[in-house]
Amino acid sequence: MRVAVDTGGTFTDCVVLEGSRIKILKVFSTPDDSALGILEGVHRIACAMPRDSTLDVIHGTTVGTNSLLERRGARVALVTTAGFEDLIEIGRQNRPRLYDLNVGREPPLVPRPMRWGVLERTTASGEILLRPRLGDLQRLTGLIRRAGAESIAICFLFSFRNAENEKKVSAALRKLGLPVSMSQEILPEFREYERLSTVVINAYLAPRLGSYLARLGLKVEQEFSGAGALTDTGLRTKPRSPNPPASKVRIYVMQSNGGITTADRASREPVRTILSGPAGGVVASARLAQTLGIARAMSFDMGGTSTDVCLLDGPPRTTHETTLAGLPVAVPVLDVHSVGAGGGSLARVDAGGALRVGPESAGAVPGPICYGRGGTQPTVTDAHLLLGRLDLDHFLGRSFRLDLGAVQKRFTDFLRTLPRNLRAISPKSPLALASGMIAVSNATMERALRLISVERGYDPRDFTLICFGGAGGLHAADLARSLELRAVIVPMHPGTFSALGILLSDIVKEASQSVLLPVPEAGLGARSSRRQFHAFYNSLARRFESIKRKGLAELNHERFNTKRARAECRLACRYVGQAYELSVPFSRDFRRRFHSRHERAYGHAQPTQSMEIVSLQVRLTLPTPKPGSGARGNRSLHGIRQARVKIKPVWFDHHIYQTILYDREKLGPGMKITGPAIVVEYSSTTVIPPDFACTVDEHLNLRLTRYAH
């Protein structure tokens, strides 16, 4: 049995695959210890598993992300080439806020007393000029021990060319028994500052994520082996099941690149999990787009704390240029853009009387007011309930009743507490406040969608929005109207769609190598030029084979069967003199592909300009079991009237409309709904405004389109 778990700010989503059947479950997250919420969800969804079976738990985690954002990582000792100890603090000349005279920088993850330089030197060509001396390493070991370090990061100049000195220092420091992050293993690529930042982040996260995954694996194994779980005090509890299956438990972790890996590797390389959660939704969206024959799509994942968007023009793209908490992270991650807009985003009025929503969130505790868990400040979820778009009795499959009375009272109190000088320009009624909150939240998410489309040379009118997340269906139609999108697709089980993507993800191993090679000029039919390029191409193919063999050997060491492994080879290219590069597939026409992509990204191309290859990138993929994706039109239905739940007043565009609620479980292929309408289901709610219509396709997806004007 394979169970995917996606931990979010408000809910923990679980999806289980039993043969070709999918079951879903949402439980409240447990911020103090997310392992408790996961254990609850896994137990409830997998308690009926057969005895003596294997339980695979595939986890999308936010532990690394939150640790970095909240600066709650390990005490790191940084070891680098002597004279370069301050590189982590100097960084680059880039200024995100060019005209801010009072800009302040966050302190580096490693303070100055925890940085040490080693007398060593490797040239740009990989030649060792100076090797570390044994006496220096012995003194360094003592200094790090006395400094109370919890983790070690090692990054030397040009170690991506020759890692001999890094390996020697690493061997000496591993005797301390601390996690050691070596740049040659984490990111063997050029650009010293980005490589240093990435390996420091890895060391900063390794102890916490490692202990978390070890604790999670132990609790799940004890729960399902019948041994009972251990409490924080060391006392063993009774197992929840009187006769639990004696199962083998394996823990896997979702990576930021859209693939899964073992818990052991994730513990050693936690920097690869910093965007673990959003990656699952992108994987599921790409598979759905392929199933439906949609060439261009944008994934839109709106959860409790944030919204994640990604442009899909073919397979999901990865990028090596990501920042998190203001720090560069150069490992490959899916090209996802996130904004602080979710169902739990809090409302406030600024000093000028303008309404603001987010990025602060109510989270799981206390959560929105309507959850009755102590929330007092209006959230987007509360606004939808007040406007009638959420229904009191149809939330989480009728297992949880929302508190409308508390929302009405708190919205009124919120308006009364505004300063008198702001009351004249701020919302004057709870309904106006709720409507304004939705509009502000929509504007934030619209900017995110424009950033990944218009700002990258794409016309959003050519794209379909694949909408999911617990709150996605509440906003998708409004965004489609603003951007004039082709259509909106709301898949089955949208509230757990990211967890489904985690379940669908393959095992992935990424490897790269910096080369900095000039590309032979494209001759005008000259035979010598063709021979030269042919030899160059073959030399690249041999380098790729070497990288693939090393990656397959590592997967074999982790006991994976690599017979069905697929390899995707890509080149990071640029024009000579540029400081940035674009990734294109490795093929004989890679030059043409690069010029084409450069023109789309930057509006121009220079086919006569000399090119160079910066790095070689290999992605090894091992397929995992997938559920069937055929049509699901076998529901026993008598007509769309059977799907009607009730009629209720709902606020749209400053008017109250009598709106029909439909039960999605009773909707079948070919059925059509005209707005205004609301479709309710266990994991989410979909709003169909008065100017939209909705059709159920053969796979039971909801397809929303706007009436022609």
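The legends below describe close-up views of a predicted model.

**View 1. The parallel sheet β6-β5-β9-β10.**
Four strands, in the order β6-β5-β9-β10, make up an open sheet with parallel pairing. The edges are taken by β6 (115–118) and β10 (180–182); each has a single partner strand, so one side of each is left without a neighbour in the sheet. From one strand to the next, the twist averages 20°. Strand β5 (residues 76–81) is joined to strand β9 (residues 151–155) by five bridges in the parallel sense. Within this pair, Leu78 stands opposite Ala153 in β9.

Helix α4 (residues 134–146) lies across β5, β6 and β9 and runs at about 175° to β6. Helix α5 (residues 164–173) lies across β5, β9 and β10, and its direction is at about 165° to β9. The 13 residues of α4 reach 19 Å from the first C-alpha to the last, close to the 18 Å expected at 1.5 Å a residue. The buried residues of α4 are Asp136, Leu137, Leu140, Thr141, Gly142 and Ile144. An α-helix has 3.6 residues a turn, so residues three or four places apart point the same way. The packing partners of the buried residues of α4 are β5, β6, β9 and α5. Just after α4, a positive phi of about 75° is found at Gly148.

**View 2. The surroundings of Thr122.**
Thr122 belongs to strand β7 (residues 121–122). The relative accessibility of Thr122 is 2%, and it therefore counts as buried, the limit being under 20%. When neighbours within four places in sequence are left aside, Thr122 is in contact with Glu127, Ile128, Leu157, Phe158, Asn162 and Asn165.

Of the 17 residues of α9, 13 are buried, so the helix is largely enclosed by the rest of the structure.

**View 3. The packing of α9 on α15.**
Two packed helices are described by the angle between their axes and the distance between the axes. For α9 and helix α15 (residues 497–504), the angle is about 80° and the axes are 7 Å apart. This angle makes α9 roughly perpendicular to α15. On the α9 side, the residues in contact are Gly277, Gly280, Gly281, Val283, Ala284, Ser285, Arg287 and Leu288. They meet Phe497, Ser498, Gly501, Ile502 and Leu504 in α15. By class, six nonpolar, six polar and one charged residues take part in the contact of α9 with α15.

**View 4. The packing of α11 on α13.**
Helix α11 (residues 404–416) packs on helix α13 (residues 430–452) at an angle of about 90°, with the axes 9 Å apart. With this angle, α11 is roughly perpendicular to α13. Phe411, Thr412, Phe414 and Leu415 of α11 meet Pro430, Leu433, Ala434 and Met437 of α13. The contact of α11 with α13 has seven nonpolar residues, one polar residue and no charged residues.

**View 5. The hairpin of β25 and β26.**
Strand β25 (residues 566–575) pairs with strand β26 (residues 582–585) in the antiparallel sense, over four bridges. Cys573 has Leu582 of β26 opposite. Six residues lie between β25 and β26 in this hairpin, and in the turn Gly577 has a positive phi of about 105°.

**View 6. The mixed sheet β28-β29-β31-β32.**
This open sheet consists of four strands in the order β28-β29-β31-β32, and its pairing is mixed. Its edge strands, β28 (644–652) and β32 (685–688), each pair on one side only. On average, neighbouring strands of the sheet are turned by 25° against each other, direction ignored. Strand β31 (residues 677–680) runs antiparallel to β32 and is joined to it by four bridges. Thr685 in β32 is the bridge partner of Val680.

Note on methods
Residues numbered from 1 in each chain as written. Predicted model: local features only at pLDDT ≥ 70, side-chain atom pairs only at ≥ 80, totals over all residues. Heavy atoms only, no water. Buried < 20%, exposed > 50% of the residue type's maximum accessible area, 1.4 Å probe, protein only. Helix = DSSP H or I, 4+ residues; strand = E, 2+ residues; numbered from the N terminus. Contact = heavy atoms within 4.5 Å. Pairing = 2+ DSSP bridges. Axes fitted to C-alpha atoms, helices over the stretch in contact; angles between N-to-C directions. Parallel < 35°, antiparallel > 145°, perpendicular 65-115°, else oblique. Nonpolar A, V, L, I, M, F, W, Y, C, P; charged D, E, K, R; others polar. Expected span 1.5 Å × (residues − 1).
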